[in-house]
Amino acid sequence: MNPLSWLRLRISALLRPSQVSAEVDDEIRSHIQHRADDLVRSGLDRPQAERRARVEFGARQKYKEEIHETSAGNFVEVLVKDLRYSLRVLLKSPGFTIAAVLTLALAIGANAVVFAVLNGLFLRPLNVPDGQSLYAIQRGNDNYIIQSYPDYLDLRDRNRSFDALAAYTILQGGLDTGKDPSHVYFYGVSGNYFNALGIQPYLGRLIQPSDERGSNSAPYIVLSYAFWHGQFQDDRAIVGRVVRLNKHPYTIVGVAPPDFHGTLLFFSPDFYAPMVNEQQFFAWADPNARGNRWVFEVLGHLKAGVTPTQAAADLSSIGYYLHQAYPKDDDQSTFSLVRPGLHGNFFAPAMRAFLAGLMVLAGLILLAACANLGTLFAARAADRGREVALRLALGSSRTRILRQLMTEAILISLTGGAAGLVGSVMLLHRLSGWRPFPQFPMNIPVSPDTNVYLVALLLALVSGFLFGIVPVRQVLKTNPYEIVKAGSNARLGHRISVRDVLLVVQIAICAVLVTASLVAVRGLARSTHANFGFDPQNVMLVYTDLQMAGYSDDKVPAMQRRMIDAMQTIPGVTSVGLVSIPPMQMGWAPSDVFTDSTTDLRPANAAATAIEYYISPEYLGTARTTLLMGRNFSPHDDLNAPLVAVVNREFARKILGSEAKAMGGHFRMPDGKRIEIVGIVEDGKYTANLAEDPQPAMFLPFLQHPRSEASLVVRANRELGREGPELASAIRSKLRDLDPGLPAFLQTWNQEMNGALFASRMATMSLGVLGIMGAMLSITGIFGMAAYSVSKRLRELGIRVALGAKRTEVLKAALSRPVKLLAIGSVTGLLLGLLATRVLAFIVYQATPRDPLVLAGVVLAMLLLGLVATWLPAQRALSVNPMMLLREE
Amino acid sequence: MNDQAQLLPGTLDLLILRAVSLGPLHGYGVLLRIGQISGNALFIEQGALYPGLFRLVRQGLLKASWGTSENNRRAKFYELTAAGRKRLREETASWNRLANAIASALSQQPEEA
């Protein structure tokens with residue numbers, strides 16, 4: 001029979017087991033009829049003949065069962081039988097079952113989560129029709145994806161490779177819908193954006209190429225579904241309504257479909273506005289200048305039959321033309337195509353490497369889990385040696401027994417896989433809805449899809465197979481006569497086996513993880529008491545961008561002054577300051593600074609880069625940044641006065657040589673301005689990393705450097721935990737009194753810090769999770785080892801007890817080996833972990849290896865692990881009843 | 001029944017193959033044919049035949065199809081496949097070797113051993 005028809009037979013039998021059974025009945029009946037025919041011919045009457053024929057046939061049921069065993073139709077029934085038996089066996093040892101399922105749930109869950117993130121970010125194309133052929137353009141030389149608007153137009157009109165080249169950029173503004181104005185993030189899109197992507201409107205219409213008729217010609221916006229749902233309560237009559245965006249009237253023309261979140265992963269815009277209106281959102285630079293690169297991403301579908309290489313060559317020839325035509329603005333550059341949605345190759349490689357690393361780690365965890373469960377299974381198989389031997393002796397085939405053991409393994413792995421998947425799906429949903437930075441509309445596209453489910457299922461099956469196969473050799477070797485005669489073989493392995501080495505390695509890795517996570521947790525605990533160079537307690541940050549309300553030039557500082565004064569009248573507010581961007585907030589900008597004697601102000605000649613802050617005179621006091629020497633700013637440090645700065649100690653040391661030299665000294669900015677240092681403040685933390693080295697920072701008076709974008713720092717005289725909302729509403733009402741059209745974003749400084757410390761908290765959290773997983777794995781590993789060694793030596797232990805061994809001696813005999821392995825592994829791991837702390841110091845605040853608390857914590861954790869893991873086997877060893885055991889053997 | 005020999009394990013399949021090699025047969029027919037060609041010297045419980053038949057079908061040595069018997073009854077007929085024919089040849093040869101060896105061993109005189 002060829003394999004194909006065999007398979008067909010097998011499958012058809014599988015699907016119709018009852019039909020096979022009916023056929024067997026038919027055949028047996030036919031046989032009995034024929035026999036009866038013969039008997040009738042020899043002279044019996046019919047009923048008698050049939051009775052005799054039936055008797056002669058023999059045990060009909062027995063033969064039918066035998067047929068079932070051999071024929072294909074029994075697959076399902078045997079499976080059901082095996083499942084029922086496995087379930088009974090597993091329920092009889094709930095501790096083992098729970099440990100095994102939990103281990104697998106964790107390991108498979110971890111894999112599913114990492115894979116889902118990898119899948120969502122890198123494997124799945126953007127959620128637009130035909131997303132596979134969508135490419136973004138980047139400049140080859142510097143991997144720069146941002147283009148100028150005129151360059152985009154040239155690329156769009158001159159290329160012959162794309163169906164259409166669309167563009168978008170990320171903008172923010174103040175949206176006034178008649179209620180409180182709000183601070184919104186949106187896309188500026190090219191007219192052909194939706195057409196090029198093939199997006200259909202959910203309501204009304206989308207922005208079209210015909211909307212573009214020169215600068216500021218298209219006062220239309222298209223809402224995202226989520227924003228329409230959240231802000232306009234699914235109001236279908238919204239189309240045609242006029243809202244104010246940065247005080248300019250805009251007509252809502254439609255709503256985008258629910259599953260379209262823009263073309264950048266992570267960031268989903270509130271709405272879409274035409275790019276040609278750029279000037280209404282960014283007044284400070286000419287959007288039509290070729291040297292002004294602000295178009296965030298240019299993307300499109302390739303024409304059918306055009307390869308990415310051909311398209312890149314086509315674009316590069318346009319790049320050559322641009323360089324010839326505009327040598328001042330466009331340097332010689334080639335173009336390449338990248339996957340859209342991740343900002344070109346800017347951070348994709350790092351993220352991909354990080355995720356790939358995580359995936360490998362998760363895979364290793366799963367492998368280790370399989371190895372441990374394999375040991376556990378081997379221990380159980382050894383325990384069940386007699387049962388297996390009996391079954392073999394009674395005529396059960398080895399395949400049948402292996403199949404049953406395998407069923408048990410797969411049952412556990414599928415249950416564990418299902419539990420892990422459920423857990424990871426819950427986690428992923430949390431992750432998709434997560435907003436670590438409340439001011440940005442985010443979209444983390446990691447919700448699980450079929451791929452994730454398939455991978456989880458596959459992993460569960462493979463791991464079940466992997467650990468199920470461990471005891472196979474044991475069963476195959478089983479000699480029923482020997483075992484039934486002599487009891488399970490008590491041959492002791494004193495040599496070092498691969499399994500021992502694996503276990504030590506595993507425990508060492510676990511100890512490293514435990515050390516690392518303890519160090520990280522300690523760092524986190526310390527970081528809450530760290531000196532930031534400012535005091536974030538009881539402070540509300542009020543972000544405003546006056547441009548959103550139509551202020552410009554000298555109206556900006558005047559309005560900012562009015563806002564500061566208004567805040568100060570709120571009861572319970574002790575002081576109010578203004579800062580361009582609070583320290584540690586995302587978006588800090590370093591600037592090159594030069595020594596006073598530098599004349600050629602090229603970046604290469606810079607003395608250092610310093611983070612710059614534009615502050616009001618009250619800021620330093622409000623933020624509680626200590627002024628060490630010199631003076632603070634005064635209201636007279638304005639455009640008519642000499643340029644002055646307050647710098648931190650690091651700045652003074654690095655650029656001027658010393659603090660003493662710095663006082664009254666000068667430095668230069670890249671635009672040539674000469675600034676005098678009038679004061680020195682303490683060093684603080686400025687970037688979103690508590691582990692940063694001291695950074696030069698300079699504070700400049702906001703009156704000398706007007707900026708429309710700034711945060712008010714409002715310090716209250718009481719805890720903001722509960723009173724926060726009250727203060728916030730007071731602030732909002734004051735702002736409304738000043739200008740009802742000004743959007744503001746409020747959060748406490750502590751909330752803001754949570755966002756700033758996001759990365760290091762994430763690192764701590766993942767280390768913690770890894771530590772827990774490592775601990776789980778070690779427990780199952782040691783447990784399996786200890787259980788195996790106890791059950792193998794049960795008889796020997798029994799004899800020792802019978803000969804009068806003390807409990808301690810029994811324990812020593814039973815558990816010395818696993819405990820020795822644990823000790824070796826822990827010490828190795830601890831040493832490695834302390835070495836790894838040097839690496840951790842980059843992300844964890846004050847990570848130090850010589851922390852007695854950490855050392856004690858690791859030792860305690862490992863001891864606890866050992867105790868938990870050896871508890872049950874120890875109990876078993878101690879409860880050995882020699883009489884029972886000897887009788888049984 | 002007492003003068004009938006018990007089957008050695010594994011020989012039933014060989015007998016079935018041999019019986020069917022002479023032409024397609026239904027189950028009862030196989031039984032009769034074995035009786036006929038063995039001179040009724042072997043005892044086979046009637047039902048024991050069927051697990052063997054199913055096993056051989058599964059191994060692809062026999063193929064089965066429903067038809068009408070000489071008694072005008074519905075019955076399942078078995079016939080040899082090419083693989084079955086080959087197996088029969090091999091098994092027959094191997095059985096003969098075994099039987100000859102055993103027979104020769106048993107017929108030796110003790111002093112010659």
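**Entry 1: strands around β22(A)**

I began with strand β19 of chain A, residues 627-630, and found that it pairs with strand β22 of chain A, residues 674-681, in the antiparallel sense over three bridges. The model I am reading is a predicted one.

I then turned to strand β20 of chain A, residues 644-648, which pairs with β22(A) in the parallel sense over five bridges. Here I recorded Asn648(A), which stands opposite Val681(A) of β22(A).

Next I checked strand β21 of chain A, residues 666-668; three bridges join it to β22(A), and these two strands run antiparallel. Within this pairing I located Arg668(A) opposite Arg674(A) of β22(A).

Which residue in the turn between β21(A) and β22(A) has a positive phi? I found that the two strands form a hairpin with five residues between them, and that the residue is Gly672(A), at about 95°.

To summarise this entry, I list β22(A) with its pairings: antiparallel to β19(A), parallel to β20(A) and antiparallel to β21(A).

**Entry 2: chain A overall**

I counted the elements of chain A as 28 helices and 25 strands. I looked up burial for its 889 residues and noted that 43% are buried. I also examined contacts in chain A with a separation of 6 or more: 81% of them are accounted for by residues 24 or more positions apart.

**Entry 3: the side of chain A that touches chain B**

I asked how many residues of each chain are in contact with the other. I found 20 residues of chain A in contact with 19 residues of chain B. On the chain A side, I noted that α2 (17-41), α3 (46-57) and α4 (60-70) each supply at least two residues. Of the elements on this side, α2(A) gives the most, with eight residues.

**Entry 4: helix α2 of chain B**

I turned to chain B and its helix α2, residues 27-37, to see which residues are buried. I recorded Gly27(B), Tyr28(B), Gly29(B), Val30(B), Leu31(B) and Ile34(B) as buried. I kept in mind that an α-helix has 3.6 residues a turn, so residues three or four places apart point the same way. Lastly, I looked past the end of the helix: α2(B) is followed by Gly39(B), whose phi is positive, near 65°.

Conventions:
Residues are numbered from 1 along each chain as its sequence is written. Chains are lettered from A and ligands numbered from 1 in the order in which they are written. This is a predicted model: local features need pLDDT of at least 70, side-chain atom pairs count only at pLDDT 80 or more; totals for chains, interfaces and linings use all residues. A residue is buried if 20 or more other C-beta atoms lie within 10 Å of its own, exposed if 12 or fewer, and partly exposed in between; C-beta atoms are placed from the backbone. Helices (H or I, at least four residues) and strands (E, at least two) are DSSP runs, numbered from the N terminus. Two residues are in contact if their C-beta atoms, placed from the backbone, lie within 7 Å. Two strands pair if DSSP finds at least two bridges between them.
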